[in-house]
Amino acid sequence: MKKKYLRLIGLVWVLVLFLTSCSGRAVDSERLRVAMIPKVIGISYFDICVDGAKEAGLAYDMDIIYKGPTTADAASQVNIIQDMIFQNVDVLAVAPVDPDAVEPILLKAREKGIKVITYDADATIAGRDLFVNQVDSEVLGKHIIDNMVKLVGPDGNYAILTASMTADNQNQWLISMREYQEDMYPDLNLLTIIPTDEDQQKAYVNTRNLIQAYPELDGIFAMSTEAGPGAAQALKSLEIKGDIKLYCLSLPEDMAGYIRDGYVQLVTLWDPYDLGRLTIESLYYMLENELPTGNRINISGEEYVFDPDTGTIIMGQPLDFDQSNIDDIKFK
């Protein structure tokens with residue numbers, strides 16, 4: 001009898017160890033493990049995003065694992081995703097550096113039953129279950145061009161500092177900007193597009209080179225939260241205040257001093273804290289409900305635009321900041 005009892009205890013322990021090794025976590029834990037992987041770690045925009053995600057994660061009993069490449073490098077991001085798959089996470093929340101580069105590894109994750117949600121920038125549709133987009137690309141593209149025209153005129157000369165030439169969100173914005181500019185402002189002249197790879201120092205150097213190469217330059221549009229401060233610092237170092245208009249997609253708290261001093265004329269963004277929060281809330285919705293077939297989705301009591309054909313949620317509208325309101329808001 002004693003031997004049977006000991007054998008039974010041994011079988012139970014084997015079962016426990018087996019289930020634990022398969023799931024990657026203790027069998028009595030029901031917490032969902034979500035790996036949140038930004039384009040690059042250590043910059044304010046994505047750090048604020050994950051803060052919002054962690055707040056929502058507490059509400060839904062999820063563990064948020066935050067890990068990303070130290071530079072906006074697609075190969076490094078793929079390696080991190082591979083590591084998260086090996087660690088048996090339940091969900092990947094990814095802001096892809098390059099949608100084509102991450103597609104094979106995301107397909108592998110989905111084949112293993114891991115849910116994939118993208119935020120800030122999209123992957124290919126085949127590579128993910130849902131995309132949380134901060135703003136509609138067409139809306140933002142028109143908004144940017146209209147604002148640039150207000151700054152440099154309908155026949156001004158401007159340049160763009162983009163983040164990465166492979167990032168899906170930036171490329172979609174550029175397409176929308178180009179189409180709208182051709183239709184509405186055919187004399188507005190885009191001189192060049194220069195990548196800065198989410199690197200503030202690179203944006204600083206490229207801005208100085210840009211000003212030297214194009215003496216006819218009237219304005220610069222810095223299309224990432226790291227490009228904005230870098231470009232502003234370059235203008236300040238050259239003591240160019242207002243002769244070249246600087247318009248940025250940046251965190252208002254990073255640009256406030258430059259706006260007050262006249263080196264930056266306008267900032268546009270959305271709340272990255274809300275983007276992180278909505279990413280996790282949307283994940284919870286997807287796990288608990290069928291996605292709607294109509295163009296509206298209600299998540300945590302808020303209604304959002306939804307595209308059922310692409311599985312895309314639109315968070316909201318772009319927000320503008322200048323000298324009149326730059327001190328009125330600070331994202332968490």
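Colleague: What is the volume of the largest cavity?

Modeller: About 110 Å³. First, some ground rules. This is a predicted model, in which local features need pLDDT of at least 70, side-chain atom pairs count only at pLDDT 80 or more, and totals for chains, interfaces and linings use all residues. Residues are numbered from 1 along each chain as its sequence is written, and side-chain values use heavy atoms, leaving out hydrogens and water.

Now the cavity. Rolling a probe the size of a water molecule over the atoms shows where empty space is left. Here, a cavity is a set of points, on a 1 Å grid over the protein atoms alone, where a 1.4 Å probe fits but cannot get out. Points are joined across faces, edges and corners, and the volume is the space filled by probe spheres set on them. Searching the whole structure turns up 1 cavity of 30 Å³ or more.

What lines the largest cavity? The lining has 15 residues, where lining means having an atom within 4 Å of a point. Nearest the centre are Tyr45, Asp120, Gln170, Ser224 and Thr225. Two elements give two or more residues each: helix H2 (44–59) and helix H6 (168–184). H6 gives the most, with 3 residues. Helices are DSSP runs of H or I with at least four residues, strands are runs of E with at least two, and both are numbered from the N terminus.

Next, the setting. The protein has 10 helices and 14 strands. Its C-alpha trace spans about 95 × 40 × 35 Å along the principal axes. Of its 332 residues, 52% are buried, meaning under 20% relative accessible area with a 1.4 Å probe, protein chains only.

Nonpolar side chains tend to be buried together in soluble globular proteins. A nonpolar core is a set of buried Ala, Val, Leu, Ile, Met, Phe, Trp, Tyr and Cys residues joined through side-chain atoms within 4.5 Å. The largest one has 84 residues. Tyr119, Phe221, Leu246, Val264 and Trp270 have the most contacts inside it. A second, separate core has 17 residues, including Val78, Ile80, Ala109 and Ala123.

Note on methods
Buried means under 20% relative accessible area, exposed over 50%, partly exposed in between (1.4 Å probe, protein chains only). On a 1 Å grid over the protein atoms alone, a cavity is a set of points where a 1.4 Å probe fits but cannot get out, and a pocket is an open set with protein on both sides within 12 Å along at least five of seven lines; lining residues have an atom within 4 Å of a point.
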